[in-house]
Amino acid sequence: MSYAIGRPYVDACTRASYRSIKVYGRGNIPEGAPVIIAANHCNTLMDALVILQSFKGPVAFGARADIFRKPFIAKFLNAMKIVPIPRARDGREVLAQSLGVIDVIIESMDHGVPFTIFPEGTHSTTHTLMPLKKGVWRIATRAAETLGKTVYVVPAGLSYSNYYEYKGKVSLVYGEPIPVSADMNPDELLGRLAGDITRLAGYSPSGAVVPAETVNPKPIFRLPRPVKLALAALTSPIALPACTLSAPQGLIASRLCNRLDDKAWSNTMRFASRLLVNPVVVLLECVAAVAFLPLAWGLVLSLLSVYAMSLSYLWHGLLQ
């Protein structure tokens, strides 16, 4: 119930976090079969949220077991159908618990819920794929054995305009599904998967970036800087009040980002500010506007407050 209620709001906050989210190859995902999505991992929680945008129904995800240690975070992740995937470094006791997790994953796949895993085992903001762990192979082959049917692993490549830029652009490309049987060799699956993800994400084996047109078939149009500055000046009568109204969310997000040791979490912190802080600030501003201003002005200010965070980011983008 909490997933059905919260999913539309989470999706809206995810879409508002980017100028564009492009999805290619959605037709490569088999219908009516157990499916595992295997993607590169470069932007922490945002990777899962972007993948979620390409599905109308529920999607289950795997994440590092250590981030489930705090009860509040664990409760939120479980509500979003994110399950802990133990790693070798987590110890034997934690690894033993993974068998029960895999059974839950297999059951959800058997009911038509795709499972998404990031087989690198951790995130990296470099333009190269790290060695893949065997977790995806273990889950796929055990599912094939348990269900008595072919399981399909679909490679996926995520490509961001900037790993640290909020309101940037992202593309998601799905590749050809890889059929997995119960006796499939791990090297066969991981070798093919690594090559496919590398290509789809726009990486090259050496770590250099492949030309963008190989991933994004549509050219990116950029406004000349003088035009951007002129638009910024014309929109300033609306943008400046919007920046003022969104200042509390922006300050909280900036403070959180400044305290991060791993800056790859910056966009996740800004997303969290939009998801959790923005509704509270907007509600308080709307109540104050209606209470202390004439009704017409109060309604105008309330409407501006709702869109203030997005407008302020768009305006700052014109100044850059």
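A residue is called buried here when its relative accessible area is under 20%, exposed when that area is over 50%, and partly exposed in between, with a 1.4 Å probe and protein chains only. Thr-44 has a relative accessible area of 4% and is therefore buried.

The structure is a predicted model, in which local features need pLDDT of at least 70 and side-chain atom pairs count only at pLDDT 80 or more, while totals for chains, interfaces and linings use all residues. Residues are numbered from 1 along each chain as its sequence is written, and side-chain values use heavy atoms, with hydrogens and water left out.

## Overall features

The chain contains ten helices and eight strands. Both kinds of element are DSSP runs numbered from the N terminus: helices are H or I with at least four residues, and strands are E with at least two. Of the 320 residues in the chain, 47% are buried. A contact means heavy atoms within 4.5 Å. Among contacts with a separation of 6 or more, 72% are between residues 24 or more positions apart. The chain exposes about 16,700 Å², of which carbon and sulfur atoms supply 64%. Accessible areas come from the Shrake-Rupley method with a 1.4 Å probe, and for residues only the protein chains shown count as cover.

## Positive phi in two loops

Thr-44 sits in the loop between strand E2 (35–39) and helix H2 (45–52). Its phi is near 45°, a positive value in a residue other than glycine. Lys-167 is not a glycine either, and has a positive phi of about 65°. The loop that holds Lys-167 runs between E6 and E7. Lys-167 counts as buried because its relative accessibility is 9%.

## Aromatic pairs

A pair of aromatic rings is described by the distance of the centres and the angle of the planes. Rings of Phe, Tyr and Trp (its six-membered ring) pair if their centres lie within 6.5 Å; planes under 30 degrees apart count as stacked, over 60 as edge-to-face and the rest as tilted. The count by this rule is four aromatic pairs. Two of the pairs are described here.

Tyr-18 and Tyr-160 form a tilted pair, with 6.1 Å centre to centre and 40° between the planes. Tyr-18 belongs to strand E1 (residues 18–24) and Tyr-160 to strand E6 (residues 151–160), so this pair ties together parts that are 142 residues apart in sequence. Both Tyr-18 and Tyr-160 are buried. The pair of Tyr-166 and Tyr-313 is tilted because the planes lie at 55°, with the ring centres 4.6 Å apart. This pair also links distant parts of the chain, 147 residues apart: Tyr-166 is in the loop between E6 and strand E7 (168–174), and Tyr-313 is in helix H10 (residues 295–319). Tyr-166 is buried, with a relative accessible area of 8%, whereas Tyr-313 is partly exposed at 22%. One aromatic cluster is formed by Tyr-18, Tyr-160 and Tyr-163.

Two packed helices are described by the angle between their axes and the distance between the axes. Axes are lines fitted to C-alpha atoms, for helices over the stretch in contact, and angles run from 0 to 180 degrees between N-to-C directions. The axes of helix H7 (residues 225–245) and helix H8 (residues 247–258) come within 5 Å and cross at roughly 55°. H7 and H8 are therefore oblique to each other; angles under 35 degrees count as roughly parallel, over 145 as roughly antiparallel, 65 to 115 as roughly perpendicular and the rest as oblique. Cys-243, Thr-244 and Leu-245 in H7 meet Ala-247, Pro-248 and Gln-249 in H8. By class, this contact has four nonpolar, two polar and no charged residues. Ala, Val, Leu, Ile, Met, Phe, Trp, Tyr, Cys and Pro count as nonpolar, Asp, Glu, Lys and Arg as charged, and the others, Gly among them, as polar.

Asn-278 is found in helix H9 (residues 266–292) and counts as buried at 10% relative accessibility. Leaving aside neighbours within four places in sequence, Asn-278 is in contact with Gln-249, Ser-273 and Met-309. Met-269 also lies in helix H9. Not counting residues up to four places away in sequence, Met-269 touches Leu-256, Cys-257 and Leu-260. Leu-256 is a residue of helix H8 and is partly exposed at 34% relative accessibility.

Two C-alpha separations are listed below.

| Residues | Apart in sequence | C-alpha to C-alpha |
|---|---|---|
| Leu-256 and Ser-273 | 17 residues | 9.1 Å |
| Met-269 and Ile-252 | 17 residues | 9.3 Å |
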